[in-house]
Amino acid sequence: EDTHKKLLLLYSMEVSQPSEASEILADALQQETRCSALDLERLLQVWILNCFEHTDEPLGYSTYFMSSFMSHSCYPNAVWHYAEDDFVLRAREKIETDEEITVSYLGEDNLLEAATVRRTHLLDTKHFVCDCQRCIDDCDPCRGFRCPRCLSASLKLGACGDEVEVGADAMTGRKCEHCGHGLLAGEAAMLPAE
């Protein structure tokens with residue numbers, strides 16, 4: 001019961017009545033738990049909105065009380081690391097004393113997507129619109145191509161422009177942030193193949 005109370009402190013949508021599935025489950029579990037159908041529905045909503053991917057094979061999710069209070073960012077300064085049975089939070093960069101520690105609620109593959117795709121995924125699964133710096137900036141520092149002239153990874157894709165499918169036409173003429181080279185049509189045609 002103490003665990004239930006703690007979990008109900010976590011973020012969830014307002015629940016005023018249980019779903020039919022929660023009522024059936026509460027009836028089936030009546031002998032093992034003193035959880036009402038409404039509390040079970042609330043706990044399920046807490047789990048859905050606060051769970052983290054825990055294992056790949058088989059795919060599994062877990063909810064951790066303190067971890068659920070961390071904010072999301074598509075450019076997080078910390079990441080969860082699994083070392084056997086330990087679940088360790090590691091910094092991805094230097095974190096200043098008063099700086100908020102952020103983690104991504106998305107999987108690594110989802111972080112490679114355009115801002116509109118990431119934001120839609122978070123809205124659908126976690127019920128919020130991401131307004132992290134990576135989602136609102138004009139240029140996404142994590143999505144881009146290598147310049148064919150100077151070889152720096154400085155042909156960035158827009159975040160708010162949200163090029164989901166990047167074609168040669170969209171890249172032609174784009175300027176390298178490092179050397180200023182304007183991408184020629186033939187060079188742009190080669191980029192998606194990289």
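Select Tyr105: with a relative accessible area of 27%, Tyr105 is partly exposed, because that value falls between the 20% limit for buried and the 50% limit for exposed. Keep in mind as you click around that this is a predicted model.

The rings of Tyr105 and Phe128 form an aromatic pair, with centres 6.0 Å apart and planes at 85 degrees, which makes the pair edge-to-face. Colour by secondary structure and you'll find Tyr105 in the loop between strand E6 (102-103) and helix H4 (115-126), while Phe128 sits in the loop between H4 and helix H5 (133-136). The two are 23 residues apart, so to speak a link between distant parts of the chain.

Next stop: select residues 20-28, helix H2, and residues 37-50, helix H3. At what angle do H2 and H3 pack? It is about 115 degrees, with the axes 8 Å apart, and the crossing is right-handed. Show side chains where they touch: Ser22, Glu23, Leu25 and Ala26 from H2 meet Ala37, Leu40, Glu41 and Leu44 from H3. That contact is made up of 5 nonpolar, 1 polar and 2 charged residues.

Which residues of H3 are buried? Pick out Ala37, Leu40, Glu41, Leu43, Gln45, Val46, Leu49 and Asn50.

Notes. Residues are numbered from 1 along each chain as its sequence is written. This is a predicted model: local features need pLDDT of at least 70, side-chain atom pairs count only at pLDDT 80 or more; totals for chains, interfaces and linings use all residues. Side-chain values use heavy atoms; hydrogens and water are left out. Axes are lines fitted to C-alpha atoms, for helices over the stretch in contact, and angles run from 0 to 180 degrees between N-to-C directions. Helices (H or I, at least four residues) and strands (E, at least two) are DSSP runs, numbered from the N terminus. A crossing is left-handed if the near helix is turned anticlockwise from the far one by less than a right angle, and right-handed if clockwise. Contact means heavy atoms within 4.5 Å. Ala, Val, Leu, Ile, Met, Phe, Trp, Tyr, Cys and Pro count as nonpolar, Asp, Glu, Lys and Arg as charged, and the others, Gly among them, as polar. Buried means under 20% relative accessible area, exposed over 50%, partly exposed in between (1.4 Å probe, protein chains only). Rings of Phe, Tyr and Trp (its six-membered ring) pair if their centres lie within 6.5 Å; planes under 30 degrees apart count as stacked, over 60 as edge-to-face and the rest as tilted.
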